[in-house]
Amino acid sequence: MPGLSTYTTRFGSLEDYQKGEIDLIDDDPRRYAFSNIFEVASNARPYEKIAVGRNRQYVLETIRAEGTSSWRTAAHDEFALVMDGTVEIRLRKLGAGDPGPGSERGSTDVAGEPSGPAMGHVVARRGHMTLLPVGAAYQFHADQPSVILLQTQEGPDTVFKWADIIQTEA
């Protein structure tokens with residue numbers, strides 16, 4: 001039909017992504033962090049939690065899943081969206097002797113393996129989202145490098161690299 005634009009959706013991965021672009025209308029791009037999560041993950045250490053978006057205390061963290069993470073817990077629900085690859089998410093209840101997350105925001109490490117009962121596991125692939133519930137500990141495992149986008153709250157190990165990932169006009 002005349003006058004209709006054609007758009008193509010292209011899904012990225014760690015091995016094949018196109019760096020994002022910004023179309024500016026009437027604004028200053030330095031006020032926003034537009035990033036390509038695959039580029040951020042490709043330059044990250046395994047399980048480094050790099051903020052790529054922020055709204056008050058909430059952040060979106062890009063995580064490069066590779067090998068097995070430590071056990072973690074949070075004082076609030078978190079959501080893990082697998083953007084590339086396959087990630088196994090292991091869930092355990094916290095036991096009576098396990099240190100809880102306290103009132104800290106963001107997730108914290110659990111020393112060793114939680115003593116509570118296993119809650120099961122999820123094998124999540126690209127596009128799958130998993131709830132990481134309060135009161136539980138979780139551990140990620142990926143045989144091949146994968147990418148997780150974690151919705152959480154800003155925590156003590158949230159890494160801000162705005163200057164490295166922000167895009168400005170060319």
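**Cores, strand pairing and a charged network**

The largest nonpolar core comprises 15 residues, and those with the most contacts inside it are Ala80, Val87, Ile89, Leu132, Tyr138, Phe140 and Ile148. A nonpolar core is here a set of buried Ala, Val, Leu, Ile, Met, Phe, Trp, Tyr and Cys residues joined through side-chain atoms within 4.5 Å. Buried denotes under 20% relative accessible area, exposed over 50%, and partly exposed in between (1.4 Å probe, protein chains only). At least two residues of this core come from each of E2, strand E4 (78-84), strand E5 (86-93) and strand E9 (136-153). E9 gives the most, with five residues. Strands (E, at least two residues) and helices (H or I, at least four) are DSSP runs, numbered from the N terminus.

The model is predicted: local features need pLDDT of at least 70, side-chain atom pairs count only at pLDDT 80 or more, and totals for chains, interfaces and linings use all residues. Residues are numbered from 1 along each chain as its sequence is written, and side-chain values use heavy atoms, with hydrogens and water left out.

Contact is defined as heavy atoms within 4.5 Å. Leaving aside neighbours within four places in sequence, Ile148 touches Glu61, Thr62, Ile63, Ala65, Ala80, Leu81, Val87 and Phe140. A second, separate core has eleven residues, including Ala41, Ile50, Val147 and Leu149.

Strand E1 (residues 49-55) is mostly covered, with five of its seven residues buried. Its pairing with strand E2 (residues 58-68) is antiparallel and spans six bridges. Two strands count as paired if DSSP finds at least two bridges between them. In this pairing, Ala51 stands opposite Glu61 of E2. The two strands form a hairpin with two residues between them. Arg56, in the turn, has a positive phi of about 55°. E1 also runs parallel to strand E10 (residues 158-160), joined by three bridges. There, Lys49 faces Thr158 of E10.

Lys49 lies in strand E1. This lysine counts as buried, at 5% relative accessibility. Its side chain makes a polar contact of 2.9 Å with that of Glu61. A polar contact is a pair of N or O atoms within 3.5 Å; within protein, one must be able to donate a hydrogen and the other to accept it, and residues adjacent in sequence count only if both atoms are side-chain atoms. Beyond neighbours within four places in sequence, the contacts of Lys49 include Arg72, Ser107, Leu150 and Val159.

The structure holds eleven salt bridges, each a side-chain nitrogen of Lys or Arg within 4 Å of a carboxyl oxygen of Asp or Glu. Glu48 lies in the loop between helix H1 (37-42) and E1, and Lys161 in the loop between E10 and helix H2 (162-165), so the pair ties together parts 113 residues apart in sequence. Glu48 is buried at 7%, whereas Lys161 is partly exposed at 25%.

Asp157 bridges to Lys49, with the closest N and O atoms 4.0 Å apart. Asp157 sits in the loop between E9 and E10 and Lys49 in strand E1, so parts 108 residues apart in sequence are tied together. Asp157 is partly exposed, with a relative accessible area of 28%.

Arg72 forms a salt bridge with Asp109, the closest N and O atoms being 3.0 Å apart. This pair links strand E3 (residues 71-74), which holds Arg72, to strand E6 (residues 107-110), which holds Asp109, 37 residues apart. Arg72 is buried, at 10% relative accessibility. Through shared partners, salt bridges join Lys49, Glu61, Arg72, Asp109 and Asp157 into one network.
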